[in-house]
Amino acid sequence: MRRSSRLNTGALNALKTGIERSIRNWRLWIAVYVFNLAFAAILTLPFAEILARDISRSLVGRELLTGFNYRWFVDFVTINGEFFRNLLPQIIFLFAAYLIMEIFFAGGFYSSSCGKAEMKFGDFLAKGSIYFFPIFVVTAIECAVLFLLYLTFRYQLSVTTYQLSAMVLFVVTNLLSDFVRAAVVVDDDRFWRKVKRGLNFTVKHPISTVGVYLCCLSISSLTVALYLAFHSINDSTTAAGVLAEIIVAQIFILLRIFSKVIFYAGEAVLYKENQIEVIKVKLEMLE
Amino acid sequence: MIQFSGRQSGVRFQRFAASWYRSFNRFVNSSICRSIIPFVILSFSATPFAAFDDTISKGFVGTLRSIENIDSLFQRYVYQQEDSAHGRVDFAVKSISFYKETDLGTGSSSYFTEVTVARTGETKATLDLRLGLDDGTAVDTSWTDSSETATGQRTFEFKTDSPPEYAQLDPWNKIQNDDDYSDNSLTVNEFLLPVVKWAGRIFNFFQNVLLCAGALV
């Protein structure tokens, strides 16, 4: 029993393998980037049009180049109130559609991290559709748990305690459901047994699972810090500065998507490698 | 068994696809869906694509251009007059042009800002205009159209001793005077850089928020 509880692959090894496999499957995360780009473009186009109409011929444009003008913003929102009201349902619809796409992609990414060879895009979509429903159920449960936690803590604690507790509980719930999602894709059994196994795995090996989670979180935090540092030194009042801001923002988004894919891959590799080891040990014991 | 065999995955995929197709078919044929879908498609397609056409037709290139379609340029001021102290839409500003008159005898020049408006109502109307001068001061002027009957176009002018840098019709919209007075054509400076900058930031904001929404998965 002691042997079965020790991990064959640690967090760092899993993450290393995950990064290798994510780089090998670079076409897949570029596809996710294209989807993100397309959704954001559909959301932004009406804003670009209304901004062009509002500030392109006004001297307030000069002020907006150097900073933000709150008085103009209030005026802008008041004048275009109807536009914002009409746009809200579309924004909600697009966000829901994007979330559904993310659930679809998650199955593909977990599957692509299991094999050593590069996954074809067709296989990626097929795996995404196979695991769509199980991952959807896990995500729905996660959202329900988060909502219940929100209702529970909303009126009981002070603001600071609430914020801290909410953050910790969000991380724990997200961590548990991440490994359950990995288990749902990597393992082969009935759905609820896979869920149970995923939960057991996370609880029994907290150092490795939290290790993968925190490593990925620190990669994301590092990219955010670098992006903010660039923002503070970049002069966005010139055409070159604006262009640099747009290019760096896209690199930042690509890195964020990459760190998310590493997240999937690290979790899937950690779970898969160690589950194989556990089964081997059990078989040895049976023999 | 840890991994799926190819055959097993294929069978499961077929079952999954068939069940989803059945559910989707039921959903599409339901009475609620049939009443909602046309509305969703219409509202979803109208705004972004109309905006896209408009953006393309305007062209996002160039910083200085003559405005030919004056009607659409000043359309906004019809709305803004509604917010003014006068309380109603009485006219639309059609054009603003700047010109200079020089007295050949004394050599002194006067600068004129000519505003053409179209009356849309029968009531008396007053237009407030602020002219910013090159010495940093501003002159507030107003003009009342006393004619009570006819609708149609009116032109009136404001005289200043120094060239106006801009004409301002509301707190935030100033028409900058880029005229070098070599002719009387109206030129308006288009500030495209702030539009690109803020549209880029909104775009990046949506990209980030979408990623955050996806972080739940």
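How many helices and strands does chain A have? The points below answer this and then describe the predicted model part by part.

1. Make-up of chain A. Chain A contains 12 helices and zero strands. Of the 287 residues in chain A, 37% are buried.

2. Make-up of chain B. Chain B has five helices and nine strands. Starting at the N terminus, the order of its elements is α-α-β-α-α-β-β-β-β-β-β-β-β-α. Buried residues account for 21% of the 217 residues of chain B.

3. Contacts along the sequence. For pairs in contact that are at least 6 residues apart in sequence, 76% of those in chain A join residues at least 24 apart. The corresponding share in chain B is 57%.

4. Helices α3(A) and α6(A). Two packed helices are described by the angle between their axes and the distance between the axes. Helix α3 of chain A covers residues 26–55, and its packing angle with α6(A) is about 175°, the axes being 10 Å apart. Because an angle over 145 degrees counts as roughly antiparallel, α3(A) and α6(A) are roughly antiparallel to each other.

5. Residues between α3(A) and α6(A). On the α3(A) side, the residues that meet α6(A) include Leu28(A), Val32(A), Phe35(A), Phe39(A) and Ile50(A). On the α6(A) side, they include Phe83(A), Leu87(A), Ile91(A), Tyr98(A), Met101(A) and Phe109(A). This contact of α3(A) with α6(A) comprises 16 nonpolar residues, two polar residues and no charged residues.

6. Helices α6(A) and α7(A). Helix α6 (residues 81–114) of chain A also packs with helix α7 (residues 121–130) of chain A, at an angle of about 115° and with axes 7 Å apart. The crossing of α6(A) and α7(A) is right-handed. From α6(A), the contact is made by Phe104(A), Phe105(A), Gly107(A), Gly108(A), Ser111(A) and Ser112(A). From α7(A), the contributors are Phe124(A), Leu125(A), Lys127(A), Gly128(A) and Ile130(A). By class, the residues of the contact between α6(A) and α7(A) are five nonpolar, five polar and one charged.

7. The largest nonpolar core. In soluble globular proteins, nonpolar side chains tend to be buried together. The largest nonpolar core of this model has 47 residues, and Val261(A) and Ala268(A) are the ones that touch the most other members. Helix α12 of chain A, residues 239–286, gives the most to this core, with 14 residues. Leaving aside residues up to four places away in sequence, Val261(A) touches Ser22(A), Trp29(A) and Phe109(A).

8. A second core. There is also a second, separate core of 22 residues, which includes Ala52(A) and Val242(A) as well as Val196(B) and Trp198(B).

9. Phe258(A). Is Phe258(A) buried or exposed? Phe258(A) lies in helix α12 of chain A. Phe258(A) counts as buried because it has 21 C-beta neighbours inside 10 Å, where 20 or more are needed. Its contacts, again without residues up to four places away in sequence, are Ser22(A) and Trp29(A). Although Phe258(A) and Trp26(A) are 232 residues apart in sequence, their C-alpha atoms are 8.6 Å apart in space.

Conventions
Residues numbered from 1 in each chain as written. Chains lettered and ligands numbered in written order. Predicted model: local features only at pLDDT ≥ 70, side-chain atom pairs only at ≥ 80, totals over all residues. Helix = DSSP H or I, 4+ residues; strand = E, 2+ residues; numbered from the N terminus. Buried ≥ 20, exposed ≤ 12 C-beta atoms within 10 Å, placed from the backbone. Contact = placed C-beta atoms within 7 Å. Axes fitted to C-alpha atoms, helices over the stretch in contact; angles between N-to-C directions. Left-handed = near helix turned anticlockwise from the far one by under 90°. Nonpolar A, V, L, I, M, F, W, Y, C, P; charged D, E, K, R; others polar. Core = buried A, V, L, I, M, F, W, Y, C linked by C-beta atoms within 7 Å. Parallel < 35°, antiparallel > 145°, perpendicular 65-115°, else oblique.
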